[in-house]
Amino acid sequence: MQMTAQAGTVSAAPRAKRLWWRDVVGIALIAACGAAGYWLFPDNLALLTRIVAVALLVLSIDLIVGYCGVATLGQAALFGAGAYAAGIACVNGVTEPMTLIAIGAVAGAVAGLVMGAIMLRAHGLAQLVLSIAIVQLFHEAANKASAYTGGSDGLAGLMVSPLFGIFEFDLWGKTAYLMGLALLLLVFIALKFVVASPFGMLCRGIKQDPLRIRAMGAFVFPVLLKMFVISGAVAGMGGALAAISTQVVGLDSVSFELSANALVMLVLGGLGTLYGALIGTVIFMGFEHMVSAINPFHWMTMVGALLIAVVIAAPGGLSSLFERFSASRGGKA
Amino acid sequence: MQTILSIAIDALAFGMVLFIICIGLSLTMGLMRVVNLAHGAFAMIAGYIASYAARDLGLGYAVAIFLAIIGTIIISIPLERFLYRRIYGSPELTQVLMTIGITFCVIGITNYFFGPTLKTIPLPQALSQPVDVGFRTIAAHRLFVIACGAVVAGGLWYLIERTSFGIKLRATVDNAAMSDALGVRTQVVYAISFAIAIGLAALGGVVGAEFLPIEPYYALRYMVTFLVVVSVGGAGSIPGAVIACLLLGFIDTTGRYLMPEFGNFFFYAAVILIVCLFPRGFLGRAQ
Amino acid sequence: MTAGKRILGAAVGALLMSSVSAYAETIKVGIIGPFSGPFALQGKNFQAGVEAYMALNGKSVKGHDIEVIYRDLPAANPAQSRALAQELVVKEKVQYLGGVYFTPDAMAITPLLAQANTPLVIFNAATSAIMNTSPLVVRTSFTTAQTTHPLGKIAFDEGVKKAITVVSDYGPGVDAENAFKKAFEAAGGQVTESIRMPMNTTDFSPIMQRVRDSGATGLFTFLPSGPPTLGFVKAFNETGLKQAGIKFYAPGDLTQESDLPALGAAAEGLKTSFHYAVSHDSPENKKFVEAATKAIGGADQLSFPSVGAYDGMHVIYKMIEATDGKQDAKKAVDAVKGLSWTSPRGPVRIEADTRHITQNIYLREVAKGADGKYINKEIQTFADQKDPGMPTQ
């Protein structure tokens, strides 16, 4: 996969044209990889669908960590908000899958608004801890409201009606995967436009130097809050997709563990490129699945070793390897 | 009144356990700027060593603590040399990735060698009996923990504020390049303070085992608690850490007494409130 | 699906599994459980139970070799649970699913069963309502209501008129609270206060203070097996509640054998009710414990999930016998309805209507065994206990 704008630098105008081409190639590659997954692993579609759902979550984290420089270990709060909203709507009779995704997006966006409003009051470590506290509160609330959420037993019994009235969500999970993949592609393309827009540039500017942006006369808080809402909508769609494809929503979808894992995947792949988010998710979850199938008892050591190895070999994340590669081939641009 | 006193003393003991474990993390994060999520893993390693020494070898409690601290530091030396040294000065998220990786490895390895069962560290007779403190009985061990916490706080304050090593450490933290130029061997300073932090984690892991039992998942189970305590106190500040531990211990304990159903709500709502009021922690260092 | 694709899929599967590809007659059984993470011990017990059964009863039924495939699900995670079940059914072509430690994980699998034509034999997940979600589920463990129920009467008979309940704030905890309350109040007692504490509670002293202040003479509690139980029991002793004569009742999750070496003297005298104690005195259990100890690699790691797995394998073997290797979930489940046998835990029966196991519940007391190790000593038997949690919901 190709790299676009580099993590730290705001790209100069003359390069923009070439980058645009790179994005088309990149998106085509993602579509190709997704289709390849469908043909190569027809028996693992449930896993692949889970990867797609988590990829949406990781993308949403990249929006605020990679583009705004806001550290978060609580993104699962937004994912869970989407999952529970879709789940509760489904149990109460709204079973059309596209509607459920939309409900998830709205719920995630609202949760993102709340979370952003709180988190943007602090910086650095304090911000990180706020995000943890928020996800723990969401978790506790979901556990307490067991009349609506099923509590720790999970919200079961989601009967999603067939997509477009034709394609059923069944054991083999073809519908769920293809719908998820299409959703992921659409979201990815939309996000590419968002981050390349003046708004996206402003966010990156804030990440680099909030003081200077303020001096230029821009308001930092509303800009970042807007990104939080977008990020929440993306995470919420991921949650809704997970709810639709598994037909159960559990407390794990609003857990600190999921947030932390997702952040690890993002850092593994590389920040601030959107591609890194996808690479990180696929590599982490694929590797975890593989080693835990080979040795269900002691695979954690292997995953730990992978993370350490990546930090040593590619401190900027896996996607920085591609960057380095293309830089060495292209020479001075 | 009796109830209030009783809760206060429980809160104090619990807060002190948190303090002993977290102060090491506060040092690494505040002074060395390393987000060491594997901190709890070292406390856990110490717990395993102490448990092995005291239960399987039948050594005394004091000896077990000593061995655990030394053993953990020895284990940490190669880790510091080969892994941590690479991430000094790296972006925080890279440090997170590395230290979570280390945590996973430690969990996997302990699970492999020691199995997933709970390990206890047998207390000596003197510490295991309940002591009557007038208004209620309290385990002697809790008093011991409180004393340990006080000694650690005092000792660290003295080390950092009053000794020449403390001066070098503070100089290195403020400006590593300049200190280096002035003849401070910053690598050595880092290595020593890392060892001190690990030693404190080890001590906390062993004396706190009655509160936070030793098992392979320890390192992840309490990671959030440790991180929260450190940031509420302000990374790098000893008095800040003391205040944070006591306050959070108090909120946690009273919350659980008054409204156990909403214990977590209390705790995290308080954390949000404190962080919003003191964005750098109670006594955090200005960046 | 074209032949080429299938071959490719199989090749990838073989690569991932790194196992010898099986020949046609092998029947595969997929076991999902927590083999790593905080509940790894319970998963290990699943494995020990399965291996013990296969060691004692052979690795084939009617000439069909049986291959067990383990999949790790470290914590409650329905999405992953569903993905694993789907993979086991579609890719590994398992004919039977087993295991499952947590309720939400089971709930995620049950909607798949009819389509997959696969029965699910639950080795642990203990919420009554699971059984309603699919007719292809059979359970060989227990429900929290089932193991708790007798305690209400026991407590009342021992002279406790006012009791306080303290449970972990999650599904099984609430189930236990309700079951005890119902039984205790039916016997004539009164539950004065019910406390639910967050799952991640580590310091229980304030809770004990609450218990002391409530004036109750009996304490009923439920905590999930593992680290918190240690802190709870210690706090009970250290805050002087034990000396004050407050009676302590809990289902046996609290004193599972693998925690006893750690709990040690602190737990001595605690009374719990449960369906199985490793120390149960019967020839079946002796054989089982010997085989399972060998499988798990240490006597002090063995506890109740192993017997759920052992009996689960018994049920699966019976299903295979009935279907003679053909994949027919309905026939398999029908074959074990009403099945009764002597398990290591005592006489048991699969109820035809609920597909849940009916068994003895024992009142046990933590005491020193003959070899000086702590055991759950059975002191009273409540025969033939069905799941009382079933009719409601």
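Q: What makes residues 20-41 of chain A helix or strand, and how far apart are the end C-alpha atoms?
A: Over residues 20-41 of chain A the chain is 95% helix and 0% strand. Helices here are DSSP runs of H or I with at least four residues, strands are runs of E with at least two, and both are numbered from the N terminus. The end C-alpha atoms of residues 20-41 are 31 Å apart. This is a predicted model, where local features need pLDDT of at least 70, side-chain atom pairs count only at pLDDT 80 or more, and totals for chains, interfaces and linings use all residues. Residues are numbered from 1 along each chain as its sequence is written, while chains are lettered from A and ligands numbered from 1 in the order in which they are written.

Q: What is the UniProt annotation of residues 20-41 of chain A?
A: The unreviewed UniProt entry annotates them as "transmembrane region". UniProt annotations may be inferred rather than shown by experiment. Over residues 299-322 of chain A, the model has 83% helix and 0% strand.

Q: Why is chain B called as compact as a globular protein of its length?
A: Chain B has 13 helices and two strands. Its radius of gyration is 19 Å, close to the 19 Å that the globule rule gives for 287 residues, so chain B is as compact as a globular protein of that length. The radius is taken over C-alpha atoms, and the rule is 2.2 Å times the number of residues to the power 0.38.

Q: Why is Pro104(C) called buried?
A: A residue is buried if 20 or more other C-beta atoms lie within 10 Å of its own, exposed if 12 or fewer, and partly exposed in between; C-beta atoms are placed from the backbone. Pro104(C) has 28 C-beta neighbours inside 10 Å, so Pro104(C) counts as buried. Pro104(C) sits in helix H4 (residues 103-109) of chain C.

Q: Which residues is Pro104(C) in contact with, leaving aside its neighbours within four places in sequence?
A: Contact means that two C-beta atoms, placed from the backbone, lie within 7 Å. Pro104(C) is in contact with Asp153(A), Gly154(A), Val248(A), Gly250(A), Ala76(C) and Pro78(C).

Q: How many residues do chain C and chain B bring to their contact?
A: Chain C gives 32 residues and chain B gives 30. On the side of chain C that touches chain B, the largest share, six residues, comes from H8(C).
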